[in-house]
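I opened a new page to record what I looked up in this entry, beginning with the ligand and then turning to the fold.

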Amino acid sequence: MRPVRLILMEFIEGVTMFELDPDKLSEQQSTNIMVKAIDGYAALQHHGVNHGDFSPRNVLCSGNDLGSVTLRVVLFDFNNSIVLRLANLRRTPPKLPVSPIVGYWRGGPPEFSPGWIPYPPGEWLWKQWGDSPS
Ligand SMILES: Nc1ncnc2c1ncn2[C@@H]1O[C@H](COP(=O)(O)OP(=O)(O)O)[C@@H](O)[C@H]1O
Ligand SMILES: [Mg+2]
């Protein structure tokens with residue numbers, strides 16, 4: 001016998017970002033999805049989880065309207081994730097999540113094409129998170 005660790009999560013009806021072509025979406029739709037994905041990733045990070053495989057293959061979009069505020073954008077595939085606290089890597093987390101403006105100033109998350117986040121991303125980042133408190 002050997003222990004097998006697993007993460008059980010709900011089945012999410014939807015399409016992955018990998019199945020979508022950002023160049024065929026409206027800017028409003030692609031931005032809606034990408035902002036939600038980045039916010040989700042940042043929230044995980046803020047709670048001490050390093051996802052480890054943030055890429056379009058591992059983000060599901062669930063809902064009828066890709067441009068809607070109600071669209072659910074969910075990260076999954078925690079195969080490579082690390083809970084920093086359990087890995088004894090815990091550092092004192094900042095009170096507020098690190099702003100994506102800082103995190104992605106030199107370029108968006110590497111796995112995402114410029115269709116999802118323009119390069120250079122500065123202007124786009126300010127437009128999305130310029131009013132955020134962090
Ligand atoms: N919670 C979920 N809800 C719906 N589909 C899922 C879910 N988790 C995984 N899948 C489907 O299974 C596929 C593979 O899952 P994933 O966890 O990314 O494994 P892998 O390590 O092979 O990349 C995904 O591309 C997705 O289509
Ligand atoms: Mg995967």
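By class, which residues make up the shell around ligand 1? Working from a predicted model, I found 4 nonpolar, 3 polar and 1 charged residues in that shell. I then listed the residues around ligand 1 by name, and they are Met9, Phe11, Ile12, Thr16, Asn58, Phe76, Asp77 and Asn79.

Next I went through the secondary structure, where I counted 3 helices and 5 strands in the chain, and from the N terminus on I read the order of the elements as β-α-β-β-β-β-α-α. The radius of gyration is 16 Å, close to the 14 Å that the globule rule gives for 134 residues, so I noted the chain as being as compact as a globular protein of that length. For the overall extent, I noted that the C-alpha atoms fill a box of roughly 50 × 35 × 25 Å along the principal axes.

I also looked up burial and contacts: buried residues account for 18% of the 134 residues, and among contacts between residues at least 6 apart in sequence, 72% join residues at least 24 apart.

Last, I turned to one pair of strands. Strand S3 (residues 59-62) and S4 run antiparallel and are joined by 4 bridges, and I noted Val74 in S4 as the bridge partner of Leu60. Looking at the two faces of strand S4 (residues 72-75), I recorded Val73 and Leu75 on the covered face, whereas Arg72 and Val74 belong to the uncovered one.

Methods: Residues numbered from 1 in each chain as written. Chains lettered and ligands numbered in written order. Predicted model: local features only at pLDDT ≥ 70, side-chain atom pairs only at ≥ 80, totals over all residues. Rg over C-alpha atoms; globule rule 2.2 N^0.38 Å. Buried ≥ 20, exposed ≤ 12 C-beta atoms within 10 Å, placed from the backbone. Contact = placed C-beta atoms within 7 Å. Near = placed C-beta within 6 Å. Nonpolar A, V, L, I, M, F, W, Y, C, P; charged D, E, K, R; others polar. Pairing = 2+ DSSP bridges.
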